[in-house]
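Subject: Structure for your review

Dear colleague,

Please find below the structure that I am handing over to you. I would be grateful if you could read the notes that come after it with the structure open beside them.

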Amino acid sequence: MINPAQLVSNLVTLLREIQDLVTQMGNDKTRIYAYHDLYPTYSSLMAAIHDMPSPGIMVAWQGTEPSSFGGVDVWRHRVSIYLRARQTSSLSTPAAYYTLFRLITKGTPSSQGVPMLNVTVHSSCYPMDLPRIQRQTDAEGLDYFEIEMSFM
């Protein structure tokens, strides 16, 4: 089984190579970052989500579970990408989260020749399964979006 921290770090590196995604982050690659559990410094994912910058993209490992692929037992690594869009003052362009999701799935990292949906993020895993995006709400009642993806 792989070290999921490598999977998360590789994913962050690839996302930082999508120039249009970096542009959405105010041209600051550091706003795309990994959350690694490090007790006691980083021991609350909810606190990390609350403290995310706007705009910001945080990638976190959610767990690993047994799965099956073509009749073979495999491990499925679940990763979440948390999104906070940049501040906007106009309702005429409410596409921030849609744009981020499209760039994360369809954007092409500069080191790759294919969109993220087809990229091998870790040499021991297949490309990501089709991801899901959904609205979440933090402890203060502020909405953000979570992209759930998995790698076998």
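The notes below cover a helix and its packing, then salt bridges, then one arginine, and finally aromatic pairs.

Please bear in mind throughout that this is a predicted model.

Helix H4

Helix H4 spans residues 96-106, and its buried residues are Ala96, Leu100, Leu103, Ile104 and Thr105. These buried residues pack against two helices, H1 (4-16) and H2 (19-24). They also pack against strands E2 (56-69), E3 (72-84) and E5 (143-151).

Salt bridges

There are six salt bridges in the structure, and I describe some of them here.

One of them joins Glu65 to Arg78, with 3.2 Å between the closest N and O atoms. Glu65 belongs to strand E2 and Arg78 to strand E3, so this pair ties together parts that are 13 residues apart in sequence. Glu65 has a relative accessible area of 29% and is therefore partly exposed. Arg78, at 34% relative accessibility, is likewise partly exposed.

Arg76 and Asp129 also meet through their side chains in a salt bridge, at 2.2 Å from N to O. Arg76 is in strand E3, while Asp129 is in the loop between H4 and strand E4 (132-137), so the pair ties together parts that are 53 residues apart in sequence. Arg76 counts as buried because its relative accessibility is 18%, under the 20% limit for that class. Asp129, with a relative accessible area of 25%, is partly exposed.

A further salt bridge is formed by Asp138 and Arg84, whose closest N and O atoms are 3.0 Å apart. This pair links distant parts of the chain, 54 residues apart: Asp138 sits in the loop between E4 and E5, and Arg84 in strand E3. Asp138 is buried, with a relative accessible area of 6%, and Arg84 counts as buried at 8% relative accessibility.

Aromatic pairs

The count of aromatic pairs comes to four. One of them is formed by Tyr82 and Tyr144, a tilted pair with 6.1 Å from centre to centre and 55 degrees between the planes. Tyr82 counts as buried at 3% relative accessibility, and Tyr144 counts as buried at 4%.

In the pair of Tyr97 and Phe145, the ring centres are 4.5 Å apart and the planes lie at 40 degrees, so this pair is tilted. It links distant parts of the chain, 48 residues apart, with Tyr97 in helix H4 and Phe145 in strand E5. Tyr97 is partly exposed, having a relative accessible area of 21%, whereas Phe145 is buried, with a relative accessible area of 15%.

With kind regards

Conventions. Residues numbered from 1 in each chain as written. Predicted model: local features only at pLDDT ≥ 70, side-chain atom pairs only at ≥ 80, totals over all residues. Heavy atoms only, no water. Buried < 20%, exposed > 50% of the residue type's maximum accessible area, 1.4 Å probe, protein only. Helix = DSSP H or I, 4+ residues; strand = E, 2+ residues; numbered from the N terminus. Contact = heavy atoms within 4.5 Å. Salt bridge = Lys/Arg side-chain N within 4 Å of Asp/Glu carboxyl O. Phe/Tyr/Trp six-rings, centres within 6.5 Å; stacked < 30°, edge-to-face > 60°.
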